[in-house]
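Hello,

Here is the model we talked about, with notes on what turned up in it. Please have a look before you read on.

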Amino acid sequence: MAEQAAAASPGVVQRVLAVLGADSLLSGVRGYVDRTLRWWWIPNWLPSWCPTSPSQLAAAEVQILRCVNSSFSQQHVPVSRGDLLWTLSFSSGSVKHRTPVVLLHGFGGGVGLWAQNLDALSKGRPVFALDLLGFGQSSRPVFSSNAQEAEDQFVESIEQWRAKVGLETMILLGHNLGGYLATSYTMKYPNRVASVVLVEPWGFPEGPDTAEADRPIPVWIKALGAMFSPFNPLAGLRLVGPLGPSLVQTLRPDFKRKFSSMFSDNTVTEYIYHLNVQTPSGETAFKNMSVPYGWAKRPLLPRLDQLAPAIPIAIIYGSRSSIDSNSGIAIQKMRPQSPVDIITIHGAGHYVYADQPDDFNSRVLQVCKKVD
């Protein structure tokens, strides 16, 4: 379905506009899109329009982490090409012998969003939370436009980070995009992973091609999809400039509620805003790794046979999430001789770890105890 929508550009758009008697509009729209995209990438211009900067992102993260009681260190860990991965490290002397948990956030996220989980998870073992390459306070390089190469850039940055930090093995926990990358990493470096925890993971199923045959997408929807396909997922947030912070608060009031036990102000929405209006590096990589309507270009289920059978997998879903557990069930069926647990957190949506943090933390700790 998504592939056909992409293929519709520019033919479908041109035919639709011709029918509407607006042939000349197409060239004008294309020109506007091209100029706008170039405009949004001018680094010296961005701060003057969007009220953000790396220092403001850093300050917002300090605010969201102020409620974390455990002691931790912060550092930029160097990887290849001069890139740096921003890292929080929780590792007291009494738990250093345990297998560490490494937290990989989802699309548009950052280390601060684990604020309600870090204390509980770090009581019994070391915990590391890192901003993925291209997100948060990590470096924001130019990724390859090729989906496989972009995926490899993410995976290799995680491996270089692991080697630099000095971890022999780890429990990889990833949410959303982080779950996709945790799985891809484990396929390539199985000896470094003791267990995988996938939290509402993205990118496992193939696009619903069979559904499209029964329910074709209207041409006008394909036309609009083709028209807006050049834009990054969060381009609109940068486009509105100084209205961005208010837009996040208006469109996503749920984030304030998710962290209401820690903050009564706009600490979380301000952090999310600053995370997502910096240079769209990881965001662009994600766009290049996906097709319209959100499906992965390189879904994981068809290549799950590359995952070592001895590695345990736990898949955590929220009972109120729009993401169903079909992929988890498929993984169980594909790995009948391997440990695969599906865990449902009642009352939680897609952001399971924030919606029901106590239940989430308890379930993750149970998974970790099976390792050591």
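The chain exposes about 16,800 Å², and carbon and sulfur atoms supply 55% of that area. Accessible areas come from the Shrake-Rupley method with a 1.4 Å probe; for residues, only the protein chains shown count as cover.

A word on the source. This is a predicted model: local features need pLDDT of at least 70, side-chain atom pairs count only at pLDDT 80 or more, and totals for chains, interfaces and linings use all residues. Residues are numbered from 1 along each chain as its sequence is written, and side-chain values use heavy atoms, without hydrogens and water.

The chain has 18 helices and 8 strands (DSSP runs numbered from the N terminus: helices are H or I, at least four residues; strands are E, at least two). Of its 372 residues, 52% are buried (under 20% relative accessible area; exposed is over 50%, partly exposed in between; 1.4 Å probe, protein chains only).

Strand S6 (residues 193-199) is largely enclosed by the rest of the structure, because 6 of its 7 residues are buried. S6 pairs in the parallel sense with S5 (residues 170-175) over 6 bridges (pairing takes at least two DSSP bridges). Gly-174 stands opposite Leu-198 in S6. S6 also runs parallel to S7 (residues 313-318), joined by 4 bridges. There, Val-196 stands opposite Ile-313.

Asn-361 sits in helix H18 (residues 357-369). Its relative accessibility is 5%, so Asn-361 counts as buried. Beyond its neighbours within four places in sequence, Asn-361 contacts Gln-116, Asn-117, Ala-120 and Leu-121 (heavy atoms within 4.5 Å).

Best wishes
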